[in-house]
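Come along and follow the entries with the model beside you.

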Amino acid sequence: MALVRSASLAFGVVINVAVSFVVFSFLDLLDRALCYVYRAADYMIESEWKPCYCSSPLEAIDGGGGGSSILVTGQGEPAKVVRLSSSRLQLEDVSDTLYSRPPLVADVSKATIRRLSRGGGGGGSGSCSPVRPCHKARTGRPGLRVSSDIVEMLKGRIVGMKPQPTPRWSDCSCKVCTSWTASTAKSLFVRSAGAKAVMEEDVIFIHGFISSSRFWSETVYPNLSETAKSIRRFFAVDLLGFGRSPRPTDSLYTLSEHVEMIEKSVLDTHKVKSFHVVAHSLGCILALALAVRHPQSVKSLTLLAPPYYPVPEGEVAKSQYVMRKVAPRRVWPLIAFGASIASWYEHISRTVCLLICKNHRLWEFLHKLLSINSIPMFLLEGFFCHTHDAAWHTLHNVICGTAGKIDGYLDTVNDSMKCEVNIFHGEHDELIPLECSYNVQRKVPRAKVRVVEKEDHITVLVGREKAFVTELERIWNGSDSSVINGHQES
């Protein structure tokens, strides 16, 4: 029986690989065709030939029509973007996965050649790109220099700059999706609960990819005890580009932009002194970045399904490695198929947003009409309320582009912070494997991993709200005590 089961499993893997190769090879061609379709549509509707990431890196970043960004890079250094805002010059990291996404046929061919030649360099990235040029190993790594010529160029370009339409023609223009344009503050949308006055200790909730603050306000908030609500304030944010928060078309949605907006919209606006952080999926990366920027203020870290993929030593293309882990280009399981579409195909994912997000009112109406109770409406609204630009850049610049930073964040949490660290992970999570949580624990041994049996990426919280809130309040109430040595719980 065991032999039959093993053979069936192997056969299923082979079928999955074969079908995936055919499907994703076709999608490679389809995405290239859609590139020309959207170029023509953008030009006809917006009177501007908007470059995409199929273009050269310089053209794509520059924007082609009066944008205020330019790509610069140095030998052996990651790609950087110099971006001129109204108040300051910013230098930000940009993931090379935005530009270097080799077609599946080319990827497989290069992998085969590497195996036949007994490996040798690349560690699985397999491609050179304009952003990460091929060059021999160097003993020194010259730093990135931003010359005065670039600064002057940007200053010149800012004059007479043609702004992008907000929203773009392929984005939703309803009142909910454009409500942020009526405000001059340009802060994140925040759902608050609990005490009204400034408290000694607050809680910040950060949602995951393609979600919103309602992930917390519809699950955690209703189950908070009266005691918890009387002694703490609770803030759930809509991340930049998602929910009801601003969706600027000139943003690159980098890690620093997301974190700075949380600081501005929560810490500064509400005068938060010390706080606990609760985060899900992609939000865990932002939670770690926020924590290391405020190490003395963080009381506890609670992470749900953190996407932490340690990059093997010697791997040069760290972002590429993580993208292949997050999006393996497989048709099964379906959640991996969806992640692969979102990660590898700029124009196909834009088409998905055009069909679903732009027409979200229709889909919401059909959901109510058909009484589809298996999927809560707040999850659908979180999925609908974003733009392709926000999702595309956030996925690449935060999940993939921070591959080289998370190790440093975790080292800081382990070596320089005393806050309690708790991790919850669904046993059947098919998007972020359970191993990711144990990877975090290896870096932060005091972290406690709780495996939630029979649950997945969403039901690790949704459907077991009361039990989860009980655990949260225990964590918050006990965070002032001495840290207990890490252990695993199932």
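Here are my entries, one topic at a time.

**Entry 1: the model**
I noted before anything else that this is a predicted model.

I looked up the second largest pocket and found a volume of about 1300 Å³. Its lining has 44 residues, and the closest to the pocket's centre are F209, I210, I335, F383 and L431. Next I checked which elements give two or more residues to this lining, and I wrote down α10 (334-344), α11 (346-356), α13 (377-384) and α14 (388-400). Which element gives the largest share? I found that α10 does, with seven residues. Sorted by class, the lining of this pocket has 28 nonpolar, 14 polar and two charged residues.

**Entry 2: cavities**
I reminded myself of the idea behind this search: rolling a probe the size of a water molecule over the atoms shows where empty space is left. How many cavities of 30 Å³ or more does a search of the whole structure find? I got three.

The largest cavity has a volume of about 60 Å³. I listed its lining as P307, Y308, Y309, P310, V322, I399, A403, I406 and D407. By class, that makes eight nonpolar residues, no polar ones and one charged.

The second largest cavity holds about 40 Å³ of space. Around it I found C284, I285, L288, L303, P306, P307, Y308, I406 and V440. Helix α8 (residues 282-293) gives the most to this lining, with three residues. Here the classes come out as nine nonpolar, no polar and no charged.

I kept a general point in mind: in soluble globular proteins, nonpolar side chains tend to be buried together. The largest nonpolar core has 60 residues, and I206 and L301 touch the most other members. Helix α8 turns up again, giving the largest share of this core with 10 residues. I then traced the contacts of I206, leaving out residues up to four places away in sequence, and found W216, L239, I262, V277, V278, A279, H280, G283, L286 and A287. Another core, of 24 residues, lies apart from the largest one and includes F215, A236, L304 and F378.

**Entry 3: V292**
I stayed with helix α8, where V292 has its place. V292 touches Y409, T412 and V413, again not counting residues up to four places away in sequence. I also compared V292 with M417: they are 125 residues apart in sequence and 8.4 Å apart in space, C-alpha to C-alpha.

**Entry 4: two glutamates**
I found E201 in the loop between β4 (190-194) and β5 (202-206). Is E201 buried or exposed? E201 counts as buried because its relative accessibility is 11%, and the cut-off for buried is under 20%. The side chains of E201 and R232 are joined by a polar contact of 2.8 Å.

I found E420 in strand β9 (residues 420-426). With a relative accessible area of 11%, E420 is buried. Which side chain does the side chain of E420 make a polar contact with? I traced this contact to the side chain of K448, at 2.5 Å.

Methods: Residues are numbered from 1 along each chain as its sequence is written. This is a predicted model: local features need pLDDT of at least 70, side-chain atom pairs count only at pLDDT 80 or more; totals for chains, interfaces and linings use all residues. Side-chain values use heavy atoms; hydrogens and water are left out. On a 1 Å grid over the protein atoms alone, a cavity is a set of points where a 1.4 Å probe fits but cannot get out, and a pocket is an open set with protein on both sides within 12 Å along at least five of seven lines; lining residues have an atom within 4 Å of a point. Grid points are joined across faces, edges and corners, and a volume is the space filled by probe spheres set on the points. Helices (H or I, at least four residues) and strands (E, at least two) are DSSP runs, numbered from the N terminus. Ala, Val, Leu, Ile, Met, Phe, Trp, Tyr, Cys and Pro count as nonpolar, Asp, Glu, Lys and Arg as charged, and the others, Gly among them, as polar. Buried means under 20% relative accessible area, exposed over 50%, partly exposed in between (1.4 Å probe, protein chains only). A polar contact is a pair of N or O atoms within 3.5 Å; within protein, one must be able to donate a hydrogen and the other to accept it, and residues adjacent in sequence count only if both atoms are side-chain atoms. A nonpolar core is a set of buried Ala, Val, Leu, Ile, Met, Phe, Trp, Tyr and Cys residues joined through side-chain atoms within 4.5 Å. Contact means heavy atoms within 4.5 Å.
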